[in-house]
Amino acid sequence: METSEIIRKHIADSVDVKTAMLNDPKIIAAVEEAADICISAYRNGGKVMWCGNGGSAADAQHMAGELVNKFRFDRPGIPSISLGSDPSVVTSISNDYGYEHVFAHQVSAQGAVGDVLIGISTSGNSKNIIEAFEAAWQKNIKTIAITGAKTCKMDKADVVIKVPSTDTPRIQEGQTLVGHILCCLIEKSLFPALDPENA
């Protein structure tokens, strides 16, 4: 296959996944429910925590940054934490207790009643995220899973958003889109007066 054909195939495959997302009422409803949970948490003084491994860790850090800084327009910062971003915390927990506890330990330390935990995983079977969900439920923290199409252990989250693909790069692209939509909806709902689209 020529280079140009490979490029076109990747773009076309990505478009196909996003088109499937666009046309799936269950996905639209799940994203809306997830946004409502996050918005409610913020209005009640809570925060959103994110976690993931590898590329999903980068997405978690990315989305926390969009909230703390800004997404589409200037406004006050929104509290959000990426649980994989502090190497001293991550490595100390991993060294002392094991990597499977790396997020759960932080949820127990940083999380509070009314917060939200969003776990991002292409497989949906990341043991450390599943343990983090368990720690979250013990503190009355809502959980949101953003996964791929396959049935997985993270399907027991309070809200599950499943990108309709089994191909890791395509799942990751869909997960980034979902994260951006959540950040957009949170920002617009919390600061309507600052939204240029409402001017």
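**Entry 1: Glu173**

I started with Glu173 and found it in helix 7, which covers residues 168-190. The model I am reading is a predicted one. I looked up how open the residue is: Glu173 has a relative accessible area of 29%, so I logged it as partly exposed, since that value falls between the 20% and 50% cut-offs.

Next I listed what Glu173 touches. With neighbours within four places in sequence set aside, Glu173 is in contact with Ser14 and Lys18. For Ser14 I also noted a polar contact between the two side chains, at 2.8 Å.

**Entry 2: helix 1 against helix 7**

I turned to the packing of helix 1 and helix 7. Two packed helices are described by the angle between their axes and the distance between the axes, so I noted both values. Helix 1 spans residues 3-22, and its axis is 10 Å from that of helix 7, at an angle of about 50°. Helix 1 and helix 7 are therefore oblique to each other. I recorded the crossing of helix 1 past helix 7 as right-handed.

Which residues make the contact? From helix 1 I listed His10, Asp13, Ser14, Val17, Lys18 and Met21; from helix 7, Arg170, Glu173, Gly174, Leu177 and Val178. I sorted the residues of this contact by type and got 4 nonpolar, 3 polar and 4 charged.

**Entry 3: Gly174**

Gly174 was on that list, so I looked it up next. Gly174 is also assigned to helix 7. Its relative accessibility is 0%, and it therefore counts as buried. Not counting residues up to four places away in sequence, Gly174 touches Met21 and Val163. Gly174 and Met21 are 153 residues apart along the chain, with 8.3 Å between their C-alpha atoms.

**Entry 4: helix 2 against helix 7**

The crossing of helix 2 past helix 7 is right-handed.

I wrote down the contact residues for each helix. Helix 2 contributes Val31, Ala34, Ala35, Cys38, Ile39, Tyr42 and Arg43. Helix 7 contributes Val178, Ile181, Leu182, Leu185, Ile186, Ser189 and Leu190. By type, the residues of this contact are 12 nonpolar, 1 polar and 1 charged.

**Entry 5: Val159**

I moved on to strand 5, residues 159-162, where Val159 sits. Is Val159 buried or exposed? Its relative accessible area is 3%, so Val159 is buried.

**Entry 6: Ser56 and Ser121**

Ser56 lies in helix 3, residues 55-68. I read a relative accessibility of 4% for Ser56, which means that it counts as buried. Leaving out residues up to four places away in sequence, Ser56 touches Ile120, Ser121, Thr122 and Gln175.

I followed that list to Ser121, which I located in the loop between strand 3 (116-120) and helix 6 (127-138). Ser121 has a relative accessibility of 3% and so counts as buried. I logged two polar contacts of its side chain: one of 3.4 Å to the side chain of Ser123, and one of 3.0 Å to that of Ser126. Beyond four places in sequence, Ser121 touches Ser56, Ser126, Ile129, Ile146, Thr147, Gly148, Met154 and Gln175.

**Entry 7: Asn140**

I ended with a backbone check. Most residues other than glycine have a negative phi. Asn140 is not a glycine, yet I read a positive phi of about 60° for it. I placed Asn140 in the loop between helix 6 and strand 4 (142-147). With a relative accessibility of 55%, Asn140 counts as exposed, because the cut-off is over 50%.

Terms used. Residues are numbered from 1 along each chain as its sequence is written. This is a predicted model: local features need pLDDT of at least 70, side-chain atom pairs count only at pLDDT 80 or more; totals for chains, interfaces and linings use all residues. Side-chain values use heavy atoms; hydrogens and water are left out. Helices (H or I, at least four residues) and strands (E, at least two) are DSSP runs, numbered from the N terminus. Buried means under 20% relative accessible area, exposed over 50%, partly exposed in between (1.4 Å probe, protein chains only). Contact means heavy atoms within 4.5 Å. A polar contact is a pair of N or O atoms within 3.5 Å; within protein, one must be able to donate a hydrogen and the other to accept it, and residues adjacent in sequence count only if both atoms are side-chain atoms. Axes are lines fitted to C-alpha atoms, for helices over the stretch in contact, and angles run from 0 to 180 degrees between N-to-C directions. Angles under 35 degrees count as roughly parallel, over 145 as roughly antiparallel, 65 to 115 as roughly perpendicular and the rest as oblique. A crossing is left-handed if the near helix is turned anticlockwise from the far one by less than a right angle, and right-handed if clockwise. Ala, Val, Leu, Ile, Met, Phe, Trp, Tyr, Cys and Pro count as nonpolar, Asp, Glu, Lys and Arg as charged, and the others, Gly among them, as polar.
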